[in-house]
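Welcome! Open your viewer, and let us walk through this model one selection at a time.

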Amino acid sequence: MRPQWLIDLHEEFPGSALVAAALDDALIVQPRDAMTGRWPVVQDGRPIVGYGTMPTMRSLRRVPRLGEAVFDDYMMLRCSFYYRHIYDLLGRTAVFVPFSAVPGLPLRRMFDSDRVFVRSDTNYKLFPAGVHAITELEQWLETYGQYRDELVVVSEVVDFEGEYRCFCRDGRFVCGSSYPIEPYLPVPDHVRGFAETAARRLLAQGCTMVTVDVGASRDGALRLVELGGVNSWGIYGSDVGDFIAAMEADAVGRADM
């Protein structure tokens with residue numbers, strides 16, 4: 001039995017429209033219904049796949065039975081979890097600290113730079129990730145003071161000439177493209193291999209499907225940008241058919257467990 005798709009069609013998440021257009025019987029979840037908890041009825045025993053914005057998928061994950069549609073394990077996708085398995089693939093120094101501690105750190109001595117990259121530990125971004133001048137970090141903390149007790153990643157700044165999004169299932173590349181700027185280009189073989197190395201490490205922890213974002217430097221070095229889930233990650237120039245087939249195969253596999 002082919003899985004039933006639940007699509008959170010949202011203008012700020014264009015991937016949802018691409019996937020919905022390639023399916024004949026997707027059930028569309030309206031934003032108001034997601035907010036009020038009015039979810040579609042799905043036939044018992046039929047595998048389910050969810051795709052859409054992260055707030056909707058996080059809500060869906062908590063719904064009995066329909067939660068099976070969301071494969072993403074948000075605890076496993078915390079940097080503080082997966083960095084221990086892929087740290088050597090980052091190609092840069094990174095440390096974890098409470099957000100409130102960042103302005104007081106000797107960052108110039110630690111990173112030998114006037115700039116650092118700061119992001120939240122969570123995969124769902126509590127605040128915009130980005131490069132900041134060390135002198136501006138105290139103001140940045142004030143702006144997002146509600147997250148001062150949250151764990152963050154502080155890392156050295158690296159420049160990428162290009163970035164690639166790779167969807168992997170069972171440690172193997174499924175589809176992908178360059179991102180986020182068009183034109184979207186195919187993923188080179190050596191980048192696929194790098195992505196598969198990272199995906200296999202998370203597979204060993206029980207994560208069957210994962211998004212691997214890879215940055216390519218001007219000197220040819222590859223670095224892991226981040227690992228992500230699949231239910232709320234844009235497909236950009238990936239082959240829609242290959243993406244759908246992999247998601248459906250994973251849904252069937254989970255239903256058979």
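Begin by selecting the rings of Phe, Tyr and Trp (its six-membered ring), which pair if their centres lie within 6.5 Å: the structure holds 13 aromatic pairs. Next, pick Phe-167 and Phe-243, whose ring centres are 5.1 Å apart and whose planes meet at 65°, so this pair is edge-to-face (planes over 60 degrees apart; under 30 is stacked, the rest tilted). Phe-167 sits in strand β8 (residues 162-169) and Phe-243 in helix α8 (residues 240-255), so show both elements: the pair links distant parts of the chain, 76 residues apart. Helices (H or I, at least four residues) and strands (E, at least two) are DSSP runs, numbered from the N terminus. Both Phe-167 and Phe-243 are buried, meaning under 20% relative accessible area with a 1.4 Å probe, protein chains only.

A word on the model: it is predicted, so local features need pLDDT of at least 70, side-chain atom pairs count only at pLDDT 80 or more, and totals for chains, interfaces and linings use all residues. Residues are numbered from 1 along each chain as its sequence is written, and side-chain values use heavy atoms, leaving out hydrogens and water.

Finally, zoom out and show the whole chain as a cartoon. You will find eight helices and eleven strands. Along its principal axes, the C-alpha trace spans about 60 × 40 × 35 Å. Colour by burial, and 48% of the 257 residues count as buried.

Note on methods
Buried < 20%, exposed > 50% of the residue type's maximum accessible area, 1.4 Å probe, protein only.
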